[in-house]
Amino acid sequence: LGYNKQTGTPILFDNFHSSLTNYNMVIFAKSGAGKSVTMKTLISRSSVLMGIESLALDAEGEYSIVAESLGGINVVLSPNSKTVINLFDIEVEKVKDEITGRERIVLNVENKVEDVTQALLTMARGSTRSKDVNEITKQVIAEIVAEEYAERNITNDPLSLYVQGNEFQKGDKLYKEKKKMPTIGSWYKRLQKKAVENKNPDYSFHYSYLLKVMKQYIREYNGQMAYFDGQSTFELLDGVPFINLDISQLEERFARPLAQQILLSWIWEKYVKKNSEDRKKAAKKRVIVDEAWMLLPYPEAVDFLNTMARRARKRNVSLAIISQRFQDFYEKPEAQAVLTSSDTKLFLAQDKSEIQYLKEVFKLSEGEANFLITCLKGEGLLK
């Protein structure tokens with residue numbers, strides 16, 4: 001990665017070393033201190049030298065050049081692009097039996113209903129983070145999400161994901177045709193129907209609120225944020241050295257953090273869960289969340305980030321969180337689980353206003369704290 005400034009020896013970093021309790025990593029630094037250069041170096045060298053696959057959630061449009069250099073994929077999500085990410089996508093996962101050590105295939109619909117509900121709640125709260133959204137709103141959303149899967153007979157049976165009798169041969173492999181997934185559009189239609197049928201006055205407000213605010217996400221109504229409505233237009237491929245999901249063209253205040261949350265859930269489904277729990281069979285994968293501070297105002301997004309940080313090691317995945325505002329993490333106790341779930345921490349040059357928080361949380365000495373205020377671009381502390 002670089003050189004030790006005291007001894008001059010090279011620093012060799014193995015993100016997946018067995019001595020680490022988890023493979024996650026956080027990088028904090030002020031703007032221009034070298035965060036993205038560090039990450040590009042890590043992605044490129046670990047891909048070429050160790051075969052590690054990486055996927056970046058790119059908030060500033062900085063990683064497309066890495067995708068091109070490594071022969072990876074660059075996907076741009078914008079109001080004008082034809083790319084669709086369907087947050088209802090669900091995949092089977094391989095689970096290792098603790099007693100027998102054997103792997104079995106499972107489909108966890110309950111977890112998926114919860115993940116989709118959390119994302120729809122963030123959408124319903126909107127950029128104003130409306131206080132009108134509460135447990136009843138969540139219940140209305142969750143019931144309709146569950147019904148969407150139930151109507152397509154998608155249950156906890158892994159075979160329920162596929163169209164029966166539609167297998168086809170390709171080379172020496174037998175492929176099954178997957179069912180069409182529910183979409184936000186189909187969810188909204190069901191919401192309209194249930195709103196008409198509703199006789200409970202306690203629920204009326206929540207139906208009417210959801211019908212109003214969720215319209216902006218629906219393609220049929222030309223919603224300005226309808227890029228999550230429809231069947232997904234591409235698959236996340238295994239074996240690709242680097243996949244970059246570029247969301248830099250989305251509006252920064254709400255559309256970008258919302259995209260971060262939905263894409264995290266989608267990445268978990270399509271990229272992380274597919275990895276075997278058996279270390280010998282699993283690929284080494286890294287998921288990079290750039291400018292993670294954007295997620296912090298949205299409780300459901302923080303909750304998902306924490307869950308992902310805790311679950312990642314089991315799937316042989318390293319979650320890398322990059323952010324320029326440590327203070328935001330410090331002031332949000334619920335976001336601190338991300339820090340405690342990350343064995344590797346890299347601090348590059350810091351603003352004076354941030355240093356006291358870092359000093360307190362990571363027990364830095366006076367000398368270390370002063371170094372972080374005065375160090376040059378690309379210099380820092382690796383813990």
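Predicted model: local features only at pLDDT ≥ 70, side-chain atom pairs only at ≥ 80, totals over all residues.
**Exercise 1. Which residues make a nonpolar surface patch of about 330 Å²?**

Residues are numbered from 1 along each chain as its sequence is written, and side-chain values use heavy atoms, with hydrogens and water left out.

Step 1. Know what a patch is: its residues have over 30% relative accessible area and no salt bridge, with like charges joined within 9 Å and nonpolar side chains (Val, Leu, Ile, Met, Phe, Trp, Tyr) joined within 5 Å. Areas come from the Shrake-Rupley method with a 1.4 Å probe, and for residues only the protein chains shown count as cover.

Step 2. Pick out the members: Val 48, Leu 49 and Met 50 make the patch.

Step 3. Met 50 sits in helix α1 (helices are DSSP runs of H or I with at least four residues, strands are runs of E with at least two, and both are numbered from the N terminus). Met 50 has a relative accessible area of 34%, so it's partly exposed (buried is under 20%, exposed is over 50%, and partly exposed is in between, with a 1.4 Å probe and protein chains only).

**Exercise 2. Describe the largest pocket and the second largest pocket.**

Step 1. Start with the idea: rolling a probe the size of a water molecule over the atoms shows where empty space is left. On a 1 Å grid over the protein atoms alone, a pocket is an open set of points where a 1.4 Å probe fits, with protein on both sides within 12 Å along at least five of seven lines; lining residues have an atom within 4 Å of a point. Points are joined across faces, edges and corners, and the volume is the space filled by probe spheres set on them.

Step 2. Take the largest pocket, with about 780 Å³ of space. It has 23 lining residues, and Glu 91, Lys 178, Glu 235, Lys 270 and Lys 274 are the closest to its centre.

Step 3. Sort that lining by class: 13 charged, eight nonpolar and two polar residues (Ala, Val, Leu, Ile, Met, Phe, Trp, Tyr, Cys and Pro are nonpolar; Asp, Glu, Lys and Arg are charged; the others, Gly among them, are polar).

Step 4. Move on to the second largest pocket, which holds about 670 Å³. Its lining has 25 residues, with Tyr 3, Ile 11, Leu 346, Gly 378 and Gly 380 nearest the centre. Elements giving two or more residues are β1 (2-3), α1 (35-50), β13 (344-348), α12 (366-374) and β14 (380-382). With four residues, α1 gives the most.

Step 5. Sort this lining too: twelve nonpolar, eight polar and five charged.

**Exercise 3. Find the salt bridge between Arg 190 and Glu 147, then look for a network.**

Step 1. Their closest N and O atoms are 3.5 Å apart. Arg 190 belongs to helix α5 (residues 184-197) and Glu 147 to helix α4, so the pair ties together parts 43 residues apart in sequence.

Step 2. Arg 190 is buried at 17%; Glu 147, at 27%, is partly exposed.

Step 3. Widen the view: salt bridges link Glu 147, Glu 148, Glu 151, Arg 152, Arg 190 and Lys 194 in a network.

**Exercise 4. Is Asn 153 buried or exposed?**

Step 1. Find Asn 153 in the loop between α4 (135-151) and β8 (168-170).

Step 2. Its relative accessible area is 52%, so Asn 153 is exposed.

Step 3. Check the backbone: phi of Asn 153 is near 55°, a positive value in a residue other than glycine.

Terms used: Salt bridge = Lys/Arg side-chain N within 4 Å of Asp/Glu carboxyl O.
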